[in-house]
Structure formats: C-alpha cells, structure tokens
Amino acid sequence: MHFTINQLIRKAVQLYFQDKREPIEVFTYENAMDFVDAFEKKGNFDIVLLDICMPGLLGTDIAAEMRKQKSRAEIVFLSTSEEFAVEAFAVRAAHYLVKPFTQEAFAQAMDRVMDSLRQRHSGKMVFRLVGGGIQVEEINAILYIESEGHIQKVYTADHSVLEMR
C-alpha cells in the first residue's frame, strides 16, 4: 500500500479530530500553486499545514506572503529537516514538525494551535471581585454562575470560584 505525504497528513488530521466536537473542513492541495490560488480566493484558513520544501516554492515563502496579506492563520510547518526552523518562526509559525512525526507529536502541535484559536475567538468578561480587585475570564471557561443574595459565584473550568457583588 502506497501513501502520499498529503494522505499521511490528512490521516493525522482525521485521527486528531475524530473524538473532538470541533466542526472541521479539510482541504488538500497537490502543489504549492494550488494552495496559493485557493488562499487568494478564500484567504480565511484557520490552520495551515505547510511542507517546507515544495516544487517551485518554499513553505516559508508562502507563509511570508500570507503574513503580508494579514493572514492570522495558525501555521504548522512539516519538514524532513530542522534547517528551516528559524525562518519558520520568523513568520510566526505555531509549530515545526520534523518528518516522520508521531501522532502524539502531531497532537501536541495541534493542541497548541487549537488553544491559540480558542483564545483568539473567545470573548472575555471582567469581574469585580468581593474584597477588591478585578479578574478577566474567557467566556468559554465559565461553567456556570450562581447567585445568592447580593453575591454571585462564578465557577470556571479550572475549578476556581470567583465571588463578586
């Protein structure tokens, strides 16, 4: 059985998201120019997995152009060498994986990317705490709010309880 790199990466993505409740849409491009064309038309990718060495273009060149066009996509580079790591992070890459990579390494990279996306898309609330001070919490980290008299208790995903008036 023969697999292309695109198939292996697609399989890693499918394995990563199989138990998650994230709605995803995966696009695969056979060459750099097909991706560049799609990016120019869509321009709204959340996550981009880029190989460093592609015929005609380097993944770092594509990423630099994406950043020039104000793309906020989370970029994960894939390479057979660590040689381009400095250039990758110069274009604000989220991660750099050396091939062949394990599913565990891929999952760690994707966890970092997903955390970053969640923070970017999460609203925040400011709470004035009993006893003084304020605290900012991400809305999606709030489990529930309980009100008793003039005190409200905010229960968060990290098991903390904030009290406010």
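Modeller: Before we start, a definition: two residues are in contact when they have heavy atoms within 4.5 Å of each other. Also, this is a predicted model.

Biologist: Fine. Leaving aside the neighbours within four places in sequence, which residues is M66 in contact with?

Modeller: With those neighbours set aside, M66 is in contact with F35, F39, V48, S71, A73 and I75.

Biologist: And the largest nonpolar core, which of its residues touch the most other members?

Modeller: F35, V48, L50, I62, M66 and F77 do, out of 22 residues in that core. At least two core residues come from each of α2 (32-41), β1 (47-51), α3 (59-68), β4 and α4 (85-90).

Biologist: Which of these supplies the largest share?

Modeller: α2 does, with five residues. There is also a second, separate core of 15 residues, and A12, Y16, L97 and L117 are among them.

Biologist: What do nonpolar side chains tend to do in general?

Modeller: In soluble globular proteins, they tend to be buried together.

Biologist: Back to this model. Where is F45 found?

Modeller: F45 sits in the loop between α2 and β1. Its relative accessibility is 14%, so F45 counts as buried, the cut-off being under 20%.

Biologist: Leaving out the neighbours within four places in sequence, what is F45 in contact with?

Modeller: The list is F27, Y29, F35, A38, F39 and A73. As for R72, which is 27 residues away from F45 along the chain, the two C-alpha atoms are separated by 8.4 Å.

Biologist: Now sheets. What is the order of the open sheet with parallel pairing?

Modeller: That sheet has three strands in the order β1-β4-β5. β1 and β5 are the edge strands, and each of them pairs on one side only. From one strand to the next, the twist averages 20°.

Biologist: How many bridges join β1 to β4?

Modeller: Five, and the two strands run parallel. L49 stands opposite V76 in β4, to give an example of facing residues.

Biologist: Which strands does α3 lie across?

Modeller: α3 lies across β1 and β4, and runs at about 170° to β4.

Biologist: Which strand holds S79?

Modeller: S79 is in β4, which covers residues 74-79.

Biologist: Is S79 buried or exposed?

Modeller: Buried, because its relative accessibility is 2%. The S79 side chain reaches the backbone oxygen of S81 at 3.0 Å. Apart from neighbours within four places in sequence, S79 is in contact with D51, I52, Y96, L97, V98 and K99.

Biologist: K99 and D51 are both on that list. What do those two form with each other?

Modeller: A salt bridge, with the closest N and O atoms 2.8 Å apart. K99 lies in the loop between β5 (95-98) and α5, while D51 is in strand β1, so the pair ties together parts that are 48 residues apart in sequence. Both K99 and D51 are buried.

Biologist: How many salt bridges does a search of the whole structure find?

Modeller: Five. One of them joins E22 to R118, and there the closest N and O atoms are 3.0 Å apart. E22 is in the loop between α1 (5-17) and α2, and R118 is in helix α5 (residues 103-121), so to speak 96 residues away.

Biologist: Which residues are linked with E22 in a network of salt bridges?

Modeller: D115 and R118. E22 is partly exposed, at a relative accessible area of 30%, and R118 is partly exposed at 32%.

Biologist: Last topic, the other open sheet. What is the order of the strands with antiparallel pairing?

Modeller: This one also has three strands, in the order β8-β9-β10.

Biologist: How many bridges join β8 to β9?

Modeller: Six, and β9 covers residues 151-156. E146 stands opposite K153 in β9.

Biologist: Which side chain meets K153 in a salt bridge?

Modeller: That of E163, at 3.9 Å from N to O. E163 is in strand β10 and K153 in strand β9, 10 residues apart. E163 is partly exposed, with 36% relative accessible area, and K153 is partly exposed with 28%.

Key: Residues are numbered from 1 along each chain as its sequence is written. This is a predicted model: local features need pLDDT of at least 70, side-chain atom pairs count only at pLDDT 80 or more; totals for chains, interfaces and linings use all residues. Side-chain values use heavy atoms; hydrogens and water are left out. Helices (H or I, at least four residues) and strands (E, at least two) are DSSP runs, numbered from the N terminus. Buried means under 20% relative accessible area, exposed over 50%, partly exposed in between (1.4 Å probe, protein chains only). A polar contact is a pair of N or O atoms within 3.5 Å; within protein, one must be able to donate a hydrogen and the other to accept it, and residues adjacent in sequence count only if both atoms are side-chain atoms. A nonpolar core is a set of buried Ala, Val, Leu, Ile, Met, Phe, Trp, Tyr and Cys residues joined through side-chain atoms within 4.5 Å. Two strands pair if DSSP finds at least two bridges between them. A salt bridge is a side-chain nitrogen of Lys or Arg within 4 Å of a carboxyl oxygen of Asp or Glu. Axes are lines fitted to C-alpha atoms, for helices over the stretch in contact, and angles run from 0 to 180 degrees between N-to-C directions.
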